[in-house]
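Let's take a walk through this model together.

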Amino acid sequence: MSSTGLKVQSSRRRSPRKSTEAQFERKIAKHLDTLGIFSYHVSEKSYMGIPDRYVAGGRWIEFKQAAVIHGLTPKRLFSSGQLKFMDTFLDAGDTPYVCILFQFSEGEPVCVLQGWEEFREMAGKKWINSYIRASGHPEEEWFDMVKETLE
């Protein structure tokens, strides 16, 4: 066999996903329940792009999880249908949110919970690790994050 000059990159540099999106959503839903805020998981199959969770009062949350090595552009986490629905709900007077779990190869994951309008302004720019960590909340702060944002 001849040498091709190709190099195989070790997977040790990849960020392991320590939690699934469903597990993450359940943790946030539990905080909503503890706060007495009614919500339910949306399992709409007819319309691709409907946010993951409806929260009483015309609020919607789209959950994402992302493995981060050096940084990422969060808009890339969303399908075109999801982007469309979030904008449509916002234009109709509802309040959509994004809730993203950023997981790193080293250190604890952090969560960012933001209103869609605020998120949309920065979503197309690359978020580097230091920005994500400064903007995010470790798991022990999630209850307070949910309370401050949605109560």
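Fifteen is the number to start with: the largest pocket is lined by 15 residues, and H41, V42, K45, I50 and D52 are the ones nearest its centre. A word on what counts here: on a 1 Å grid over the protein atoms alone, a pocket is an open set of points where a 1.4 Å probe fits, with protein on both sides within 12 Å along at least five of seven lines, and lining residues have an atom within 4 Å of a point. Rolling a probe the size of a water molecule over the atoms shows where empty space is left. The volume of this pocket comes to about 240 Å³, taken as the space filled by probe spheres set on the points, which are joined across faces, edges and corners. By type, the lining divides into 6 nonpolar, 4 polar and 5 charged residues. Helix α1 (residues 21-34) supplies the largest share of the lining, with 3 residues.

Before going further, keep in mind that this is a predicted model, where local features need pLDDT of at least 70, side-chain atom pairs count only at pLDDT 80 or more, and totals for chains, interfaces and linings use all residues. Residues are numbered from 1 along each chain as its sequence is written, and side-chain values use heavy atoms, with hydrogens and water left out.

How confident is the predictor? The mean pLDDT of the chain (the predictor's confidence in each residue, from 0 to 100) is 88, and 88% of the residues reach 70 or more. Residues 6-12 are another story: pLDDT stays under 50 there, and the model gives that stretch 0 contacts beyond four places in sequence. A contact means heavy atoms within 4.5 Å. Where pLDDT is low, the predicted coordinates should not be read in detail.

Now for the overall layout. The chain has 5 helices and 7 strands, where helices (H or I, at least four residues) and strands (E, at least two) are DSSP runs numbered from the N terminus. Along the sequence they follow the pattern α-β-β-β-β-α-β-β-α-β-α-α. Of the contacts with a separation of 6 or more, 65% are between residues 24 or more positions apart. Of the 151 residues, 42% are buried; that means under 20% relative accessible area, while exposed is over 50% and partly exposed is in between (1.4 Å probe, protein chains only).

F63 counts as buried because its relative accessibility is 0%. Beyond four places in sequence, F63 touches E21, F24, E25, I28, D52, R53 and C99. F24 is 39 residues away along the chain, with the two C-alpha atoms separated by 8.2 Å. D52 also turned up among the residues nearest the pocket centre.

The cut-off used here is a pair of cysteine sulfur atoms within 2.5 Å. The sulfur of C99 is 3.5 Å from its closest cysteine sulfur, in C111, so that is too far for a bond. C99 is buried at 0% relative accessible area, and C111 is buried at 0% too. A search of the whole structure turns up 0 disulfides.

Next, look at a pairing between helices. D87 sits in helix α2 (residues 80-91) and R120 in helix α3 (residues 116-122). D87 touches W116 and R120, while R120 touches D87 and L90, leaving out residues up to four places away in sequence in each case. The C-alpha atoms of D87 and R120 are 9.2 Å apart. D87 is partly exposed at 25%, and R120 is partly exposed at 38%.

Finally, E151 lies in the segment after α5 (142-150). Is E151 buried or exposed? With 59% relative accessibility, E151 counts as exposed. Even so, setting aside neighbours within four places, E151 contacts L35, I37, R59 and V146. I37 is 114 residues away in sequence, yet 7.5 Å away in space, C-alpha to C-alpha.

Note on methods. Ala, Val, Leu, Ile, Met, Phe, Trp, Tyr, Cys and Pro count as nonpolar, Asp, Glu, Lys and Arg as charged, and the others, Gly among them, as polar.
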